[in-house]
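Dear colleague,

Please find the structure below, handed over for your reference.

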Amino acid sequence: MDVVGLDRIAVQEAVRVVGLARDGDWERDSTCAGWSLRRLVAHMAAQHRGFAAAARGVGAGLAHWREPADMGAPAEVHRLAAADVLDAFAEPGVEEREFTLPELGRSLPGRTAIGFHLVDYVVHAWDVAAALGVRLDLPDEVLVAGLAVARRVPADPGSRGDGFPFAPALKVPDGAGALEETLRLLGRDPARWPAVTS
């Protein structure tokens, strides 16, 4: 699996859907409880910067993971952060490096960490599309790769919910597609949001 290439597709789709937001959209509710679309995009930008720092060997510095102070132009802030992480992931040998991820409290091989970033941006691209009610366009190979990562995320109650990266997993109905299964495994209920998926 070309995890770097698949991650790039997911990130580029996230940039596209964030770019569809207009001035009146930023205070919309998002799929992340209590977060506006603006706050969600700030989180996305912070994660891009943090993963870029991790790829470059300085991910332990918490300053790299902080949400931007100036979110007056959210789409542009996110676009620049996305370009940074894509540049970092394109560096030779990145999959063999150790990434320090403070949110997880440990370091991981680069390939594994990039897989986490991939599933994050499958889900976050959907989060934004759902908030805006727009179509999400991700190819099957990206959705299947994201699902493979989502299935490896621990589902025990002690590692889900407030203070953890993911909400408790939801029941996956028979016949669910790769995107729906990924969303439900990571605590999203696609039935509650009007996004149209490919």
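**Findings**

H117 lies in helix 4 (residues 110–132); helices here are DSSP runs of H or I with at least four residues, numbered from the N terminus. The model is a predicted one, in which local features need pLDDT of at least 70, side-chain atom pairs count only at pLDDT 80 or more, and totals for chains, interfaces and linings use all residues. Residues are numbered from 1 along each chain as its sequence is written, and side-chain values use heavy atoms, with hydrogens and water left out.

With a relative accessible area of 0%, H117 is buried (under 20% relative accessible area, 1.4 Å probe, protein chains only). Its side chain makes a polar contact with the side chain of D7 at 2.6 Å (a pair of N or O atoms within 3.5 Å, one able to donate a hydrogen and the other to accept it; residues adjacent in sequence count only if both atoms are side-chain atoms). Leaving aside neighbours within four places in sequence, H117 is in contact with D7, V11, H48, F51, V85 and F89, where contact means heavy atoms within 4.5 Å.

Helix 6 (residues 178–185) is largely enclosed by the rest of the structure, because six of its eight residues are buried. The buried residues are L179, E181, T182, L183, R184 and L185. Just after helix 6, G187 takes a positive phi of about 90 degrees.

Elsewhere, L6, I9 and A10 in helix 1 meet E141, V142 and A145 in helix 5.

Yours sincerely

Note on methods
Buried means under 20% relative accessible area, exposed over 50%, partly exposed in between (1.4 Å probe, protein chains only). Helices (H or I, at least four residues) and strands (E, at least two) are DSSP runs, numbered from the N terminus.
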